[in-house]
Amino acid sequence: MNTVQKNSFLETANAIAARLCRDAIWDGKRCNWLGASMDYLLNNWTVTESTFGPDLYTGTSGIALFLGYMYQLTPEKLYRQTTEGAIAHALSQLPDLPPEVRSGFYSGCTGIGYVLVHLGKIFDDRDWLEQGLKILGERCQDDPNRQQLDVVSGMAGAIPALLSVYQHYPQDALLEAANRYGEYLLTKTNKSNYGWSWTTLQIPGEVSQQDLTGFSHGAAGIAWALLELYRETEQDSFRIAAEEGFRYEQNWYNPQYENWPDLRNLQQDTTTGTNPTPSYGVAWCHGAPGIGFSRLRAYEISGKAAYKQEAEAAVRTTMKSLQQPVTGAESYCLCHGFAGNAELLLYASRILGNAEYKALAEQVGWQGIEHYEKNGISWSCGVMGGGETPNLMLGLAGIGYFYLRLYDPQLVPSMLIILPEKDSTKSM
């Protein structure tokens, strides 16, 4: 990557950060944003405009994380001020999070605590750091029976985050919480002849006949979390469950598509007795890119050739999805867009030692600049029909975060797979 291109990545992130600061809505020392969301209203998913909660996925803590790293690279006072306002809002809303997502990394308290720890280090703010550690330590008090299981909203997402922070701040409560979550996940396995799985996502109006594959809500994400726990504790029950989770998912692998099906809505048609053809997502949340993250990490930890082969299949499918012209119809968000898919290539480049993967990720970044930023076109975000939205996983903050990752992947950690600090800061 030449210097001009690298600087363009930082300039693009800077432009996005400036727009987010411009659009912030202030109330005293707190700030929030207005943007598109998807809500289930009158038995239908509907695009709505609203302000945001405190969570990492769509809330103010996720936007604060992007602005915090932006401040570290370009110490603009407005970025610090807006970060402080966003965190003040997140902390004010913390008690209102539903009990069933309090363990969650992307949707609950764990993610907010994680953000506070990182921002505390960036800003040398002892109060934020201590608040973050306190929030994370309190997770050992959660009732596992009230928590969800998956990566986005549940215990599986919390485990790697707790372990990552524990490595730098070895407080017993952090490891205790991660262990309690892992032990509970072991009790919730559905065991079959073709592997172990977990019943996770229940969407209003949608029924899944099978436990899901995939990273955000399925077997890949939960198995990855248990493998991280095995790596820390060397407890074989976690390793066995992880391997069985990957085996369940691999049972669904389709070599024709080099992908794993999205099993949501896969229910037999009772009128005809036929089974529907599943869809094959190509996103971090569902499909090859997210599953690729899990297999790359499994290969990094275990060295098993089978995981490498599965990861390479996921990377090939992801590359195909990115080798198409940018038209504006595609999303650039982290959850299910070009930025999130390109993130897999950054990780694969490091783990598999292939510079071509990183080059393609940079090309995705450059195409976004050429199509959107240079033409003054609104970025295509992750809420279908919702236009630009400001948050991390579906919107502008995440797109800006992706450009920071392209600019300095050693300083700015991935938010799509949470790694132990010494692993996440290796050269990309």
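I began with what the buried residues of H11 pack against: helix H9 (236-251), helix H10 (288-302), helix H12 (338-352) and helix H13 (355-373). The model is predicted: local features need pLDDT of at least 70, side-chain atom pairs count only at pLDDT 80 or more, and totals for chains, interfaces and linings use all residues. Residues are numbered from 1 along each chain as its sequence is written, and side-chain values use heavy atoms, with hydrogens and water left out.

I noted the terms. Helices (H or I, at least four residues) and strands (E, at least two) are DSSP runs, numbered from the N terminus. Buried means under 20% relative accessible area, exposed over 50%, partly exposed in between (1.4 Å probe, protein chains only). Contact means heavy atoms within 4.5 Å.

I listed the buried residues of H11; among them are Tyr307, Glu310, Thr317, Thr318 and Leu322.

Next I looked up Thr317. Helix H11 (residues 305-322) holds Thr317. Is Thr317 buried or exposed? Thr317 is buried, at a relative accessible area of 8%. I left aside neighbours within four places in sequence and found Thr317 in contact with Tyr257, Glu258, Asn259, Val282 and Ala288. A polar atom of the Thr317 side chain lies 3.5 Å from the backbone oxygen of Tyr257.

Last, I checked the whole protein chain. I found 15 helices and six strands. Buried residues make up 58% of its 428 residues. The C-alpha trace spans about 60 × 50 × 50 Å along its principal axes.

Methods
Polar contact = N/O pair within 3.5 Å; in protein donor to acceptor, adjacent residues only side chain to side chain.
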